[in-house]
Every structure is written in structure tokens, then in C-alpha cells.
Amino acid sequence: MKSSQQIKTMREALLGWYAQEGRTLPWRIRPEDRAAGVVADQYKIWLSEIMCQQTTTTAASAYWHKFLQTWPTVQDLATAPRDEILTAWAGLGYYARARNLHKCAEIVCDDYGGVFPDNEAELLKLPGIGAYSAAAIASICYNEATNVVDGNVERVISRIFRVEAVMPKAKPEIRALAASLADPKHPGDYAQALMDLGAHICKPKNPKCTQCPWQSECAAHKFGTMTDYPRRKAKTARPVRYGAVFFIEEAGHIWLRQRPDNGLLGGMAELPGTDWTGEKPNVDIWLAQAPIKSNWQQVEGEVKHVFTHFTLYLSVFKGQVGAEKFEIRAAMNRFDKYALPSLMRKAIALARQQ
Ligand code: SF4
């Protein structure tokens, strides 16, 4: 634990650094904006927080602008067809976020009169808003003195205090230490300053300690062991899965189907395909799962796609359609209309090369 004088000095140093060096992001209310009377728009902040979960701010920015152009208010988003939201989300990944985005907008409109709740506890009840997002939205929009802790903040705090417990067991200790530093007078600016410090200075592999406003208070820096924290167990290899998809092109259209709502890529469109298994099966086992009988030809090469918990290798088969009807007949020149995840876009590109 730091003394109250150390904590005061650390808060001032961080906020001073943030005022000079903090990022300017399209949705961000910077200290000078606040001073000029600009207030945060909860809808815009909520959208940015959901999009930035598991996505870089650079990638999220383009989507954030597109969503606001298409659905300028939470009411517009709530009344939009869910398929259109999934389609606009395509490429951003982790599609449960898009489904929850829609659900959350509906609840905000139906139960809260179109205004996001003004405190962390109530925000936490909404779909898609976890502990980190609730704390971030409450501090940025409502200046609530919350404790905003994501992976970046965990790294900074574990280094400052040399937290020896191994992740994820160390999380409660790190949260408590983060809370001891959090500034109740400037919660929004402090939270964003700490996020920036974690993202741009206290980097996982090469922390830029010489530029860090907390260098003199950092125990890991003192011992030269910055990259030893946070402590982690040795990594196990990411498991591999195999599957196949079936590509049928006919008169400028291809056949797609919709995945079930629950589970990976839920509600998205896909090429019809097989189960994904830990062992690569015999081709006949795959072909037995084809949606129709056809003279299937295997395309050379395969698509590799890395999910959080496994790597998928997808083989692609091409065939001709008979009189069969499929769920979705998708025009090749109007793919923007379909909620196609990048995995399926890669498979279609491979099929069309040959
Ligand atoms: S001094 Fe280095 S390791 Fe410590 S918080 Fe700053 S950037 Fe991270």
C-alpha cells in the first residue's frame, strides 16, 4: 500500500501526464472539453465501450462512426432490425456483443425511458455491460467514483506493486490496490488516463518506463523486472479444430444459412458446413454432412482462423446446385447486406480463387 502522500502525488502525476499526452479519441471527453462544459453523451460512450471490448480503438473508430451515422440515437438502434445490426457489426468479431447491443438498447428504451441508468450498479444489470464497462461508463458519463480495471490496468497495477500472486487468482488483490489509487475527485479523467497509460506506456513487452509518470513509484521498475508482471502460469498450446464448408455459386449468388443464436458467431450467416472436431476426419465423413448431394470438389489450401480458445482450419468444397432451396440466396455483389463473419469471408475468397 502507498501512503496518502504518495497516492496524492501519483494521482497528480497521472492526471498531469494525461492532460499533455493522453489520447484524443472520437468519443472521448478530454479534460479541456470538460472544462469547457462539454458533457459526455451516454449513448456514444456506451457504444464505444462495447466496441472496444476485445477490439483496438483504431478498428472500433470506423464502426463507431458508421453506427452513429446509421442509428444516431439509442431509440434508432432499439427499433432497427437485429439482422441489420449484425451485418453492420461484421468484421468486428465477438458477435455476442452485437446481439447484446440490440437487447440493451431495447431495455434502455422500454424500461428506462431511453436514458441509460446513471450509476454503476444499475448499468451492470444491462446485457453486454460487465464490471469494467459499467465502471467506465459511470465514471466517464456520471463522474461516479468507480474502480475501472481492465487487462491494461491490471498490468500497470501488478507492476507498480509487484503483485506476486498468479493470474487470475491475483485479480481481487489487484482490484483492491487499484481502488486504493483511484481518484474520487476526477473519476472519469483518472480512469481514461490509466487506460492510456496501460495501452501506450506500460506495454506488455516493452514498457516505456522513461516516459511513465509513475516510474518513481513503480516497484517492478526499481528491480528491473517489469515484464515479469502480471505473474502468469506457463502457457498451454491453443487447441486446434478442423471443419469444412460447402460453397455453391450459381448465377451470381451463393447459398448461405444462419447460425443458431446461441454459441460462437451466433445469429451470423455462414456457408453450410460440418461440425468442427479436434481431429481431422476422413473426407467422406465431411461429405456425409454436405447439405445436398453434388459432385463436390475440394479447393486447394485451407482457411486458418484464430478464435480466443482454439485455432480453426477450414477446408472448402465446391459443388453445383440442383433444384434444392437454401435458407439464404445471397447476391455476390451485395455481401454488405449479410452478417458474414470474417471467417466465412475468407472461405468464400478461397473458393472463388479456384
Ligand atoms: S515504470 Fe514502467 S513498468 Fe512501471 S508502471 Fe511505468 S511503464 Fe509500467
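The model described here is predicted. In the domain assignment, the protein is divided into domain 1, covering 4-228, and domain 2, covering 240-353. The centres of domain 1 and domain 2, taken over C-alpha atoms, lie 36 Å from each other. Where the two domains meet, 8 residues of domain 1 are in contact with 16 residues of domain 2.

Is Gly 188 buried or exposed? With a relative accessible area of 0%, it is buried, because buried residues are those under 20%. Leaving aside residues up to four places away in sequence, Gly 188 touches Arg 34, Ser 139, Ile 140 and Asn 143. As for Ala 13, the C-alpha atoms of Gly 188 and Ala 13 are 16 Å apart in space, while 175 residues separate the pair in sequence.

Two of the residues touched by Gly 188, Ser 139 and Ile 140, also take part in the packing of helix 9 with helix 12. Two packed helices are described by the angle between their axes and the distance between the axes. For helix 9 (residues 131-142) and helix 12, the angle is about 130 degrees and the axes are 7 Å apart. This angle makes helix 9 oblique to helix 12, and the crossing of the two is left-handed. On the helix 9 side, the contact involves Tyr 132, Ala 136, Ser 139 and Ile 140, which meet Pro 187, Gly 188, Ala 191, Gln 192 and Met 195 of helix 12. By class, the residues of this contact comprise 6 nonpolar and 3 polar ones, with no charged residue.

A second pair of packed helices is formed by helix 4 (residues 57-70) and helix 6 (residues 82-89). Which way do helix 4 and helix 6 run relative to each other? Their angle is about 150 degrees, with the axes 10 Å apart. Helix 4 and helix 6 are therefore roughly antiparallel, since angles over 145 degrees count as such. The crossing of helix 4 and helix 6 is right-handed. Here Tyr 63, Lys 66 and Phe 67 from helix 4 meet Ile 85, Ala 88 and Trp 89 from helix 6. The contact of helix 4 with helix 6 has 5 nonpolar residues, 1 charged residue and no polar ones.

Notes
Residues are numbered from 1 along each chain as its sequence is written. This is a predicted model: local features need pLDDT of at least 70, side-chain atom pairs count only at pLDDT 80 or more; totals for chains, interfaces and linings use all residues. Side-chain values use heavy atoms; hydrogens and water are left out. Buried means under 20% relative accessible area, exposed over 50%, partly exposed in between (1.4 Å probe, protein chains only). Contact means heavy atoms within 4.5 Å. Axes are lines fitted to C-alpha atoms, for helices over the stretch in contact, and angles run from 0 to 180 degrees between N-to-C directions. Helices (H or I, at least four residues) and strands (E, at least two) are DSSP runs, numbered from the N terminus. Angles under 35 degrees count as roughly parallel, over 145 as roughly antiparallel, 65 to 115 as roughly perpendicular and the rest as oblique. A crossing is left-handed if the near helix is turned anticlockwise from the far one by less than a right angle, and right-handed if clockwise. Ala, Val, Leu, Ile, Met, Phe, Trp, Tyr, Cys and Pro count as nonpolar, Asp, Glu, Lys and Arg as charged, and the others, Gly among them, as polar. Domain bounds come from an automatic or database domain assignment.
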